[in-house]
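Please take a moment to look at the sequence and the structure before I describe them.

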Amino acid sequence: MFLLQRSWTEMELLPLVCFCLLTCSGTTFGDEVTKMILKENEDVILPCSLDSTNIKSETFDWKKDDQKEVFMYQNGKLYNNGLSGQDPQFKGRVFHFDDQLQSGNASIFINKTKVSDNGRYSCIFPHHQPRTRSIIELIVDCILKDRTKENKPGSCPEPSVTNLHETNDQALLECKLQGAFPKPKVQWLDSDNNTVPAEEPQVTESRGAYNIILNAIVKRSGDYYCVSTQEEICHQVDRRIQVILQEKTTADPVTQGSNTGWIIGVAVLIGLLLVAVGFACHFKRKSNIGTGSVV
Ligand SMILES: *[C@@H]1O[C@H](CO)[C@@H](O)[C@H](O)[C@H]1NC(C)=O
Ligand SMILES: *[C@@H]1O[C@H](CO)[C@@H](O)[C@H](O)[C@H]1NC(C)=O
């Protein structure tokens with residue numbers, strides 16, 4: 001009775017363990033995947049080796065997502081030298097380490113990774129078992145930058161900036177974006193990268209794209225930037241506008257320079273006043289003495 005119960009629990013456990021092995025490893029059995037995470041524009045070395053055998057006269061092949069040809073080495077021949085079929089995405093960007101071949105090193109170097117390099121890379125020795133010697137999951141995180149030229153035309157327009165109205169001490173600036181998708185975050189910044197308080201943005205939507213107007217009032221001369229950010233596509237673009245106001249000098253009361261100026265000015269004035277009073281008293285006394293004898 002006791003034995004029977006025990007074997008039942010084991011049989012119940014077995015499928016559970018198998019299930020966990022399958023799902024927890026995240027991949028098919030046998031293939032170990034190395035995850036590498038980097039930022040766009042960084043270089044990377046994808047590691048692969050065939051033990052420590054000399055592979056100078058061997059063949060090895062790097063594929064991306066099982067289909068794109070990344071790199072091929074065949075007894076000294078390469079894609080840019082005797083072999084054809086390399087995916088245009090990798091032309092002139094991928095190199096092997098020739099001086100390391102004798103120690104079985106089939107690693108490749110990828111120059112300046114792009115977001116489109118994201119994917120699974122496998123290093124294959126077609127004449128060996130197992131054929132696949134390395135699998136790399138490459139994750140390239142994008143960085144915020146101006147992608148106006150990379151993206152679909154129109155989906156990330158550049159802002160246009162205008163000085164709508166200006167008086168002696170302030171200017172009303174307008175930033176306008178038309179047909180942006182995904183919806184951008186728009187803001188005004190000064191030349192120190194501080195956010196300039198702006199009005200509520202006016203947002204309209206037409207045919208799935210956004211038109212945005214953001215107005216801000218500025219009270220100082222300087223350069224101002226309207227910045228449009230589309231996080232989802234890592235796109236950021238800005239436009240600058242220069243504002244020159246006829247500011248009065250008194251509109252700038254609390255800078256250190258003018259403070260010390262004031263203090264020195266007042267001190268000098270008090271000093272002069274004291275000297276003047278001193279002189280006045282001295283002469284008054286003299287003239288008092290002079291006339292005193294008469295009275
Ligand atoms: C293969 O060569 C590269 C480049 O020199 C090096 O970074 C890497 O460590 C080498 N790998 C092995 C297993 O020796
Ligand atoms: C990477 O590519 C750039 C051109 O895009 C080139 O100037 C640079 O020398 C390359 N770096 C290496 C290590 O090959």
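Predicted model: local features only at pLDDT ≥ 70, side-chain atom pairs only at ≥ 80, totals over all residues.

Phe-95 stands opposite Phe-109, which lies in strand S6. Strand S6 spans residues 108-110, and S5 pairs with S6 over three bridges in the antiparallel sense. Two strands are said to pair if DSSP finds at least two bridges between them. Strands themselves are DSSP runs of E with at least two residues, numbered from the N terminus. Residues are numbered from 1 along each chain as its sequence is written, chains are lettered from A and ligands numbered from 1 in the order in which they are written, and side-chain values use heavy atoms, with hydrogens and water left out.

Let me turn to the ligands. Which residues are around ligand 1? They are Ile-45, Phe-97, Gln-100, Asn-105 and Ser-107; a residue is near a molecule if one of its heavy atoms lies within 4 Å of it. The protein covers 49% of the 360 Å² of accessible area that ligand 1 has on its own, by the Shrake-Rupley method with a 1.4 Å probe. The shell around ligand 1 contains two nonpolar residues, three polar and no charged. In this division, Ala, Val, Leu, Ile, Met, Phe, Trp, Tyr, Cys and Pro count as nonpolar, Asp, Glu, Lys and Arg as charged, and the others, Gly among them, as polar. An oxygen atom of ligand 1 lies 2.4 Å from an N or O atom in the side chain of Asn-105. For the side chain of Gln-100, the corresponding distance from an oxygen atom of ligand 1 to an N or O atom is 3.4 Å.

Ligand 2 is surrounded by Phe-109, Asn-111 and Lys-112. The protein covers 33% of the 360 Å² of accessible area that ligand 2 has on its own. In the side chain of Asn-111, an N or O atom is 2.2 Å from an oxygen atom of ligand 2.

A second open sheet has five strands, in the order S1-S8-S7-S3-S4, and its pairing is mixed. Strand S1 (33-39) and strand S4 (68-74) stand at the edges with a single partner strand each, so one side of each is left without a neighbour in the sheet. Neighbouring strands of this sheet are turned by 20 degrees against each other on average, direction ignored. S1 pairs with strand S8 (residues 132-141) in the parallel sense over seven bridges, and Leu-38 stands opposite Val-140 in S8.

Is Glu-40 buried or exposed? Glu-40, in the loop between S1 and S2, is buried, with a relative accessible area of 7%. Buried means under 20% relative accessible area, exposed over 50%, and partly exposed in between, with a 1.4 Å probe and protein chains only. The side chain of Glu-40 reaches the backbone nitrogen of Ile-143 at 2.8 Å.

Lys-64 lies in strand S3 (residues 59-64) and is buried, with a relative accessible area of 5%. Its side chain is joined to that of Asp-65 by a polar contact of 3.0 Å. A polar contact is a pair of N or O atoms within 3.5 Å; within protein, one must be able to donate a hydrogen and the other to accept it, and residues adjacent in sequence count only if both atoms are side-chain atoms.

I close with two hairpins. Strand S12 (residues 202-206) and strand S13 (residues 209-218) run antiparallel, joined by five bridges. Two residues lie between these strands, and Arg-207 in this hairpin takes a positive phi near 50 degrees. Nine bridges join S14 to strand S15 (residues 235-243), again in an antiparallel arrangement. In the hairpin of S14 and S15, with four residues between the strands, Cys-234 takes a positive phi near 55 degrees.

Methods
Axes fitted to C-alpha atoms, helices over the stretch in contact; angles between N-to-C directions.
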